[in-house]
Amino acid sequence: MQGGHDLGGKQGLGPINPESEAEEPVFHADWERRIFALTLATGMLGKWNIDQSRFARERQHPINYLENSYYENWYEGVSKLLVENGLISEAELFSGASQQMVSREFRVPTREDVKKILSSGGPTEMWLDLEPVFSVGDYVRVERNFTHGHSRAPTYVQGCVGEIEIHHGGHIFPDKNVEGQFSGEHLYAVRFSGKELWRSDIGNDEVVIDLWEPYLRSSN
Amino acid sequence: MPNDHDHDHTEPPSDIVLKVKALESLLVEKGLVNAAALDEIIETYEHKVGPRNGAHLVAKAWHDSDFKQELLENPTEAAAALGYAGRQGEHLQVVENTPSQHNLVVCTLCSCYPWTVLGLPPAWYKSAPYRSRAVSEPRSVLREFGTELENEVVIRVWDSTSEMRYLVLPLRPTGTDGWTEAQLQQLVTRNSMIGVELAKSPAIINQNNQGID
């Protein structure tokens with residue numbers, strides 16, 4: 001969906017004003033630390049995947065998405081997932097008081113489990129029987145995409161022509177993963193000239209972006 | 001911590017503090033999270049995993065050309081061999097700066113970032129201004145970080161839309177011949193591995209070390 005999160009090339013959002021590297025803390029307030037940990041820990045219950053987690057943050061009114069700070073959007077995302085998956089009720093969320101215990105047939109990770117999960121990660125590369133349609137050097141056009149679902153083809157590359165730079169192999173396809181369907185597609189790094197994307201006097205600068213095969217069609 | 005600027009991450013409305021506190025006590029009461037597990041997550045990303053990991057890789061690559069080749073060809077494995085593996089670093093790509101090409105990393109759709117080698121991203125990396133402008137006006141973004149590149153140098157911006165995680169291998173600064181890996185590591189900043197800055201000049205680090213070229 002082309003929500004508030006789809007920010008590439010948007011204008012009028014102001015200066016970056018970066019904090020200096022030497023002075024910036026990892027977290028700026030204790031509640032950020034807590035919501036970060038709560039999001040990772042509840043994610044480890046295995047009730048939702050990374051694309052469902054991203055989509056939960058994206059499914060907000062764009063004004064709210066942009067007005068919220070980064071970790072406020074994490075709160076919005078994880079509380080939505082907890083309610084939608086029946087782990088908590090809205091009434092419990094608002095009151096903070098438990099009204100009903102959940103029957104659990106899943107494991108709540110301990111400290112030792114967390115160590116293992118964080119250090120092993122969750123690779124998304126998949127072996128695919130189908131050969132890749134495109135090869136390095138091929139020209140491809142990104143399809144227009146007006147899905148209301150979750151997708152990882154940003155608006156700013158849609159309709160533009162780029163060149164396949166790298167074939168990353170098969171990877172879990174976010175557009176299906178968000179629906180709980182575990183399937184893979186070939187993934188490519190596609191290089192676009194700034195002139196193609198922005199049609200301005202941008203010189204020779206370029207953008208390389210990872211795109212899955214279903215987003216692309218041949219433009220040789 | 002300095003709070004005199006108007007970043008959106010500072011001074012949250014107090015109700016987010018209360019909302020998060022309520023959520024945590026609810027989840028603990030319902031047995032859906034384990035308090036020690038939460039501590040482990042926070043300790044890992046606040047104290048253990050951070051940009052020193054990436055700086056180690058970069059300095060080693062500058063110092064040892066065999067390792068550099070390995071890092072460019074099999075980055076996930078090369079990082080894992082030094083103990084840097086796990087969540088948000090499952091599929092690393094290392095992109096090398098050259099005299100004619102400068103690399104810059106962004107995630108326009110969210111905040112994808114190579115946690116295993118850089119830790120959690122800084123607030124500005126996750127902000128709407130950086131995410132919107134890095135792809136469309138990289139030179140003005142770099143200028144905000146005090147980085148000015150020659151017009152002949154092509155900027156290649158990597159937008160991390162997938163689970164591939166990009167790390168910039170900065171150019172080794174001139175005037176560092178004969179430096180040890182440990183000395184070189186001091187020149188590698190987090191920002192240089194995102195690509196918004198160059199590695200530090202040796203003059204800044206070692207003004208008194210006249211014996212080094």
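User: At what angle do helix α6 of chain A and helix α2 of chain B pack, and how far apart are their axes?

Analyst: This is a predicted model. In it, α6 of chain A, residues 111-120, packs against α2 of chain B, residues 35-48, at an angle of about 35°, and the two axes lie 8 Å apart. The crossing of α6(A) past α2(B) is right-handed.

User: Which residues make that contact?

Analyst: Residues count as touching when their C-beta atoms, placed from the backbone, lie within 7 Å. On this basis α6(A) contributes A:Arg111, A:Asp113, A:Val114, A:Lys115 and A:Leu118, while α2(B) contributes B:Ala36, B:Ala37, B:Glu40, B:Ile41 and B:Thr44. Sorted by class, five of the residues in this helix contact are nonpolar, one is polar and four are charged.

User: How many residues does each chain give to the contact as a whole?

Analyst: Chain A gives 77 residues and chain B gives 75. On the side of chain B that touches chain A, at least two residues come from each of several elements, among them α1, α2, α7 and β3, and α1(B) supplies the largest share, with eleven residues. That side of chain B comprises 37 nonpolar, 22 polar and 16 charged residues.

User: Do the strands β5 of chain A and β3(B) run parallel or antiparallel, and how many bridges join them?

Analyst: Strand β5 of chain A, residues 206-212, runs parallel to β3(B), and four bridges join the two. Within this pairing, B:Val157 of β3(B) is the residue that A:Val207 stands opposite.

Notes: Residues are numbered from 1 along each chain as its sequence is written. Chains are lettered from A and ligands numbered from 1 in the order in which they are written. This is a predicted model: local features need pLDDT of at least 70, side-chain atom pairs count only at pLDDT 80 or more; totals for chains, interfaces and linings use all residues. Axes are lines fitted to C-alpha atoms, for helices over the stretch in contact, and angles run from 0 to 180 degrees between N-to-C directions. A crossing is left-handed if the near helix is turned anticlockwise from the far one by less than a right angle, and right-handed if clockwise. Two residues are in contact if their C-beta atoms, placed from the backbone, lie within 7 Å. Ala, Val, Leu, Ile, Met, Phe, Trp, Tyr, Cys and Pro count as nonpolar, Asp, Glu, Lys and Arg as charged, and the others, Gly among them, as polar. Two strands pair if DSSP finds at least two bridges between them.
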